[in-house]
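Dear colleague,

I am passing on the structure we spoke about, so that you can look through it yourself.

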Amino acid sequence: MSNNLVIVESPAKAKTIEGFLGEGFTVKSSYGHVRDLAKKGFGVDIENNFNPNYEIPPDKAKVVAELKKLAKGANMVWLATDEDREGEAISWHLFESLNLDKKKTKRIVFHEITKNAIKNAIANPRSIDKHLVDAQQARRILDRLVGFELSPVLWKKVRPSLSAGRVQSVAVRLIVEREREIINFKSTSSYKVIGTFLSGSNSIIKAELGTKFKTLDEARTFLKKCAAADFIIDNVETKPSKKSPSAPFTTSTLQQEASRKLGFSVAQTMVVAQRLYESGNITYMRTDSVNLSDTAISQAKEAITANYGAKYLNIRHYKTKSKGAQEAHEAIRPTYIDKSTISGDAADKRLYELIWKRTIASQMSDAELEKTTATITVSGASEKFIAQGEVLKFDGFLKIYLEGTDDEDEENLEAILPPLKVGETLKSNEIIATERFTHHPARYTEASLVKKLEELGIGRPSTYAPTISTIQKREYVVKEDRQGIQRNYNIAALINGKITEEIKTENTGAEKAKLFPTDIGMVVTDFLLTQFPQIMDFNFTAKVEEEFDEIAEGKISWTKMLEAFYKPFHKTVINTSEHSERASGERLLGVDTQTGKNLYVRIGRFGPMAQLGESNDENNKPRFAALRKDQRIDSITFEDAMDLFKLPRTVGEFEGKEMTVAIGRFGPYIKHNNAFVSLKKEDDPMTISAERAIELIKAKRQAEIDKYIKSFPENSSVQLLNGRWGPYLAIDKNNYKLPKGVDPLKLTLEDCLAIAADPKNASKGNRFKKKETTQASTKVSPAKKVTKKTPVKPARPSGGKMATKINNKKTAKK
């Protein structure tokens, strides 16, 4: 038995560290948290000072048992989880769950996985920081209370199966409000005039008129003046300027830049960064700090001097500006700065190189530029042309890196200008007035949303990625591309003394990987803003984050902070549940002339829908039709909504059976011989042909054949199938992962039932079902069909007198 047991969160991290420590040390992984709040009820005793009720999930029981056994035989247990609050909480949960002896337990932290860092951590252990643990507990419990109390209100007042969260709801609010700004935006046009001139040496000079014209007539009048005008350089001004490098990466700036430069989602960036950290390639990836250690600066100095020369070196010490910067003490950087790249996975390599360039650039010299501005007068007109040029005198940090931008309207006319003299007359080559339109505020990308959340002080490095993933998974927000529309614009040009005009067409409004609110996202946001303004307030959410920081610093009590929040919040929940009206986002589009019935669009039980007629008309019940995925409650027209009632429509016959097209809960589909086939994104249910419908039916049949691997005649409910991520086992409606290296064709029925009986093979959808359900579905006779079990519904939230079920129309006892 090893004398020392080191526990970390992940197997990859364990493998790397074990290589550094050598004999006498066993390094094991806890696979993340080993305890969490009980799933039944709130998991918190509200009446007893918010005492949490923690439990070990079924899929962690084996891990905990193994760690307990190893800990008993070890002389010392080293808790080496991450250095942030989440990591501190994992260490504390391990200490409690494994019943560790305080005298035989030490806490170690490090922000990079290198041999020196690990050895230094072992030489300088500390105890578990309970203040950091309390800050994590406060966040977890507060978010549980908000989610468990708000969600049932949404089920009752908006739609079943909805959820709400403290940070996620505010993030959705930002996206909804931006969409409303865009909907209400009125674009206006003006005419931008660009002139191209020739100097005496026949050098080309491009200049923009300092004035924009509101109308084509105004632009035309100016061009007429230019036809016989002289163009003279009135002033030339040259100024030196500098560009400085950006600070090394924090979590949020890494997420933003990886999105801009690499096209990574926020979640993808964090997954790749986690791998890089655990393999010892970069420092800890959840941090607000822009500071670099003396060791890192020394390494950067050597790399810059060796590769680029001493003139490119400029040592800088950056200071963190963000509010409530957490306890991680260094920016994200390569652990070994002399390595400009790594081998292996392409995504890992690309992100590593981005981090390396940013780190090196932060310690390099400013770029030196020379900016020249020339003013050109027009005889007979008061307007002036402005020509701007920029010359790079010394590239400095730009030799390897330039930060990206989110500015979609950025347009740079600056170029290198030829030598110019005041009083010099220029020859007009062409002057073009182009109609340009004002653009609505840009929709959020994942990167720009992270930037906004950070600016507002909402969330912390560990919360950005899960928040953005959650609002998409819950379908409050969608990330997608959208096609633009064609728009005409006018051009008037003066060339060789003649004015010509033409109308051109451009594509406008196209969006790529932008965040759009769904109808349900907008309705839920409006409801929460009306009924729970405090929860949706940006300043309040930021203040809560500051209070978590104060708990981490030991300045305030976490239970008192929760008590101050919960009492008024719970009172509002009860009041809203009992007295507020239902929210459906209902919108009256008009009256159907044939039936005389009102046409509405609103949120229904299964999503956005159109309703023809009144809900309370018992004698003449209304008709309903689901909206298509590309239609929105706030923008659908009367005509488009009426078209929905033309469905279902018959498109023809196939194999002697009728094919009908309709729109259901999950979108447009074809029904044929009691089978359902989804339409593709490019298919329109109103116009799809019989030929295309047959093509889709045949394609689905082929996909079903390709999906099949193997089944068992003696138990037809057990099947081996091909899925998106490879082969898997299906028993009734439950899916199970296959162990690595298993050949599905060689598996027997008994093998399959054994795989299903092992909890670690269960998919997320059925992992936490009651043990009886799993046993009943696996301990069957091979000759009998597996009995189908109804999934166990999660228990309704409950807990303490103050947490009386809000669906009961009773006032909570105090």
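Predicted model: local features only at pLDDT ≥ 70, side-chain atom pairs only at ≥ 80, totals over all residues.

Residues are numbered from 1 along each chain as its sequence is written, and side-chain values use heavy atoms, with hydrogens and water left out.

Helices (H or I, at least four residues) and strands (E, at least two) are DSSP runs, numbered from the N terminus. Helix H5 (residues 130-157) packs with helix H17 (residues 558-579) at an angle of about 0 degrees, their axes lying 11 Å apart; axes are lines fitted to C-alpha atoms, for helices over the stretch in contact, and angles run from 0 to 180 degrees between N-to-C directions. H5 and H17 are therefore roughly parallel to each other (angles under 35 degrees; over 145 is roughly antiparallel, 65 to 115 roughly perpendicular and the rest oblique).

In helix H9 (residues 266-278), the 13 residues should span 18 Å at 1.5 Å a residue, which agrees with end C-alpha atoms 18 Å apart; the expected span is 1.5 Å times one less than the number of residues. Several residues of H9 are buried, including Val266, Met270, Ala273 and Tyr277 (under 20% relative accessible area, with exposed over 50% and partly exposed in between; 1.4 Å probe, protein chains only). The buried residues of H9 pack against helices H1, H8, H11, H12 and H13, and just after H9, Gly280 takes a positive phi of about 80 degrees.

The structure holds 15 aromatic pairs, where rings of Phe, Tyr and Trp (its six-membered ring) pair if their centres lie within 6.5 Å, and planes under 30 degrees apart count as stacked, over 60 as edge-to-face and the rest as tilted. The rings of Phe231 and Phe385 have centres 6.5 Å apart and planes at 65 degrees, so this pair is edge-to-face. Phe231 lies in strand E11 and Phe385 in strand E13, 154 residues apart, so that the pair links distant parts of the chain.

Notes
Contact = heavy atoms within 4.5 Å.
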